[in-house]
Amino acid sequence: MDIRKCEKSEISELSSFLSNSNYFPYRYLSAKRNNLINYWKSDIEKRVEKGSELYLIFSKNNIKGFTLFEDLPWDSKIFDKKMGCLTHLTFIEDIDFQESKKFVDFAVSVAREKGYEFLLCKSNTDNISAVHSLEKNGFYLVDTLLDFVWDRKTNPLEFSMLSNEKIFIEEAKLSDEDELRHIARKAFSKHFGRYHSDPNIPKEKANSVYEEWVSSCLRGYADHFFVAKVEGKLAGYSIWKKESELEKEFDLGLGHYSIAGVNEEFRGMGLFKLLTIAGMKELEKEVDMIEGPTHINNYPVQRGYAGLGWKIGDARHSFHKWI
């Protein structure tokens, strides 16, 4: 067994491995498997071009697994620590546990040598080799996300009324930033996602992540940022991203629901539903499907998705390791 860094010119060696893997991105788009595999390969190439490092584990010239080692600049800025990520950690189905464990151990040693203080890794819940190897190397589970998916062709949107005499939905303005940061802090103060469940992250710092998320999206990260106003007062928001240029290139037809938050003062008024419909109506002009992750224990959001025709498409674990 050998482990080595792979250069961009060698990425073609991964083609067969990727084609045979069951852990490709957006795998709920099963009818477009070939497109997804080609998208995956191109995405890896572009990440390497931008500075990510690709590592392979192989035996007798056969690739048995790979991962991308990447920086997390946004997180690093918020937490004032050098933070990184193992992206697409994937192995062949019958890899020996000692080999997969050694590969993750190698990745951690690379991070330590580079001065990283933290590693994130996300994995499909059924990617057992990756999950067990992460756990054995001191990564701990911090959350599980369900990927909900809405297909406009099989579940056409039937709701059209977004506003009434009390509630109005519109695109956010930069002048809304302070109020939106306040809503984000309050809405996620009791959240149980990966930032809040990590014992090494103080609750106040975890709350600040969602405030910064709002500010980043107001300044260009999001393609659509809707707010709900109740009798003129900001009460909630939903954030959306269009299909990326790379996703368009491979005809994925997939939009993205980033996050939503509702001021607890206005909960029970159906604002999450209205804010979600606003994004669905906007993105259905360009894509066939929209994906939106939510925590496995966030039952109100799950019920809200189900009521609008969204279905569970996949599930992913998140792991943290402090070095």
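This report describes contacts of aromatic rings in a predicted model.

The model is predicted, so local features need pLDDT of at least 70 and side-chain atom pairs count only at pLDDT 80 or more, while totals for chains, interfaces and linings use all residues. Residues are numbered from 1 along each chain as its sequence is written, and side-chain values use heavy atoms, with hydrogens and water left out.

A search of the whole structure finds 21 aromatic pairs. Rings of Phe, Tyr and Trp (its six-membered ring) pair if their centres lie within 6.5 Å; planes under 30 degrees apart count as stacked, over 60 as edge-to-face and the rest as tilted. Two of these pairs are listed here.

| Pair | Centre to centre | Angle of planes | Class |
|---|---|---|---|
| Phe69 and Tyr116 | 5.1 Å | 80 degrees | edge-to-face |
| Phe188 and Tyr210 | 4.2 Å | 5 degrees | stacked |

Phe69 in strand 3 (residues 62–71) and Tyr116 in the loop between helix 4 (97–113) and strand 5 (118–124) are 47 residues apart; helices (H or I, at least four residues) and strands (E, at least two) are DSSP runs, numbered from the N terminus. Phe69 is buried at 5% relative accessible area, and Tyr116 is buried at 8%. Buried means under 20% relative accessible area, exposed over 50%, partly exposed in between (1.4 Å probe, protein chains only).

Phe188 lies in the loop between helix 6 (177–187) and helix 7 (194–197), and Tyr210 in helix 8 (residues 203–221), so their pair ties together parts 22 residues apart in sequence.

Ring pairs also join Phe148, Trp240, Tyr257, Phe272, Tyr305 and Trp310 into a cluster.
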